[in-house]
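Subject: Handover of a model, with notes on its helices and pockets

Dear colleague,

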Amino acid sequence: MDANFSIQVDVPRSLVRIVLSGFFEREDIARFIEARDEAHTQLRCGPNQHLSLVDIRMMNIQSQDSVAQFQAMLNNPVAISRRLAIVVAR
């Protein structure tokens, strides 16, 4: 399954909703990070004060390289959320 994602920003709540599905290659992750960074420009709260809700229920098991890229993205102090919730499948 190809990588897909959607990002919605709820400005009044300083909330970023993300849905990820499929299998992500290096290029897909780069596209996602670019879109996420663009979405963050809509926020009006202070740096790192937003909330993130990430739905990965439709995401496939990822390669070790992809997992490492996602981990590095989550640890980036420039874009880190105040709180992060991840919705997973059983």
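Helices (H or I, at least four residues) and strands (E, at least two) are taken as DSSP runs and numbered from the N terminus. This is a predicted model, in which local features need pLDDT of at least 70 and side-chain atom pairs count only at pLDDT 80 or more, while totals for chains, interfaces and linings use all residues. Residues are numbered from 1 along each chain as its sequence is written, and side-chain values use heavy atoms, with hydrogens and water left out.

On the pockets, where a pocket is an open set of points on a 1 Å grid over the protein atoms alone, fitting a 1.4 Å probe and having protein on both sides within 12 Å along at least five of seven lines, lining residues have an atom within 4 Å of a point. The largest share of the lining of the largest pocket, 5 residues, comes from β3, and β2 (15–22), α1, β3 (51–59), α2 and β4 (83–87) each supply at least two residues. Of the 23 residues that line this pocket, Val54, Phe70, Met73, Leu74 and Ile86 lie nearest its centre.

The second largest pocket has among its lining residues Arg36, Asp37, His40, Cys45 and Asn76.

As for the helices, α1 (residues 26–40) and α2 (residues 64–74) pack at an angle of about 20°, with their axes 10 Å apart, the axes being lines fitted to C-alpha atoms over the stretch in contact and the angle running from 0 to 180 degrees between N-to-C directions. That makes α1 roughly parallel to α2, a term for angles under 35 degrees. Arg26, Ile29, Phe32, Ile33 and Arg36 in α1 meet Asp65, Ser66, Gln69, Phe70 and Met73 in α2, contact meaning heavy atoms within 4.5 Å.

Best regards

How values were computed
Angles under 35 degrees count as roughly parallel, over 145 as roughly antiparallel, 65 to 115 as roughly perpendicular and the rest as oblique.
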